[in-house]
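Here is a short report for a first look at this protein. Keep the sequence and the structure in view as you read.

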Amino acid sequence: MEKDEIRRHDSFQSFDEICSIAEERQVDFLLLGGDLFHENKPSRSTLVKAIEILRRHCLNDQPVQFQVVSDQTVNFQNAFGHVNYEDPHFNVGLPVFSIHGNHDDPAGVDNLSAVDILSACNLVNYFGKMVLGGSGVGQITLCPILIRKGSTAVALYGLGNIRDERLNRMFQTPHAVQWMRPEPQEGCEVSDWFNILVLHQNRLILIS
């Protein structure tokens, strides 16, 4: 609704409020489930405002209290291949992890989305992006981001939006969707990991 004179600021105020609450309560990270942007190609004004909000709340000297112990080059498929708070050129105090939704999904020859822009700015950790080539059903492998904080172990799985019909066929095709389990680590068995799946799809509700 950015062209609506009355409601054009609503979504930005809401996002800013969410980030403010997260910062005040010193949460470990923000987790976004897709559709941060309503358009596949958001306007320059929208991009600038989103970047300003993220920069205002996420870049600070607050210490990050958790570790990512998985292979980050697999988790974050961009030019840098690591979680943003480990970049020595940025002070990231509030990490944000996000998948894409059906509105801000990747497109074009380079398969890029607006979330890739935020990732390239080192403001968002973009995960759950799958490469599906060809006209066949395809195959995807979900490798979790493994997060450790003290005795807490979280396996964070992400799957950005895939066309519903195709994903449905994939789940019905043997071995088309593969889930990688965490390997046993020192002081942490496979059963100790708490699993979270971030998914952005439609759900069919049948009403009789």
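How many cavities of 30 Å³ or more does the structure hold? The structure holds 1. A cavity is a set of points, on a 1 Å grid over the protein atoms alone, where a 1.4 Å probe fits but cannot get out.

## About the model

This is a predicted model, in which local features need pLDDT of at least 70, side-chain atom pairs count only at pLDDT 80 or more, and totals for chains, interfaces and linings use all residues. Residues are numbered from 1 along each chain as its sequence is written, and side-chain values use heavy atoms, with hydrogens and water left out.

## The cavity

The largest cavity has a volume of about 70 Å³. A volume here is the space filled by probe spheres set on the grid points, which are joined across faces, edges and corners. Residues count as lining when they have an atom within 4 Å of a point.

The lining of the largest cavity includes F76, F80, V124 and Y126. Also among its lining residues are N78, H82, N84, D87, S119, N122 and N125. By class, this lining divides into 4 nonpolar, 6 polar and 1 charged. Ala, Val, Leu, Ile, Met, Phe, Trp, Tyr, Cys and Pro count as nonpolar; Asp, Glu, Lys and Arg count as charged; the others, Gly among them, count as polar.

## Overall build

The protein has 5 helices and 9 strands. Both are DSSP runs, numbered from the N terminus: helices are H or I with at least four residues, and strands are E with at least two. From the N terminus on, the order is α-β-α-β-α-β-α-β-β-β-β-α-β-β. The radius of gyration is 18 Å, close to the 17 Å that the globule rule gives for 208 residues, so the protein is as compact as a globular protein of that length. That radius is taken over C-alpha atoms, and the rule is 2.2 Å times the number of residues to the power 0.38.

Along the principal axes, the C-alpha atoms fill a box of roughly 50 × 45 × 40 Å. Of the 208 residues, 40% count as buried. Buried means under 20% relative accessible area, exposed means over 50%, and partly exposed lies in between (1.4 Å probe, protein chains only). Take the contacts with a separation of 6 or more: residues 24 or more positions apart account for 75% of them. A contact means heavy atoms within 4.5 Å.

## Two pockets

A pocket is an open set of grid points with protein on both sides within 12 Å along at least five of seven lines. The largest pocket holds about 600 Å³ of space. It is lined by 21 residues, and S11, L36, F37, H38 and T46 lie nearest its centre. Helix 1 (10-24) and helix 2 (44-58) are the elements that give two or more residues to this lining. The largest share, 5 residues, comes from helix 1. The lining of the largest pocket has 9 nonpolar, 5 polar and 7 charged residues.

The second largest pocket has a volume of about 310 Å³. Its lining has 13 residues, with P106, M130, L132, N161 and I162 closest to the centre. They divide into 5 nonpolar, 5 polar and 3 charged.

A disulfide is a covalent bond between the sulfur atoms of two cysteines. Here the term applies to a pair of cysteine sulfur atoms within 2.5 Å. The structure holds 0 disulfides. C19 is buried, at 0% relative accessibility. C58 is buried too, at 1%.

## Positive phi and an exposed helix residue

Most residues other than glycine have a negative phi. Q26 has a positive phi, near 50°. Q26 sits in the loop between helix 1 and strand 1 (30-32), and it is exposed at 60% relative accessibility. H175 also has a positive phi, near 70°. The place of H175 is the loop between helix 5 (164-172) and strand 8 (177-179). H175 is exposed as well, at 62%.

A120 belongs to helix 4 (residues 114-120). A120 is exposed, with a relative accessible area of 54%. Its C-alpha atom is separated by 16 Å from that of D104, 16 residues apart along the chain.
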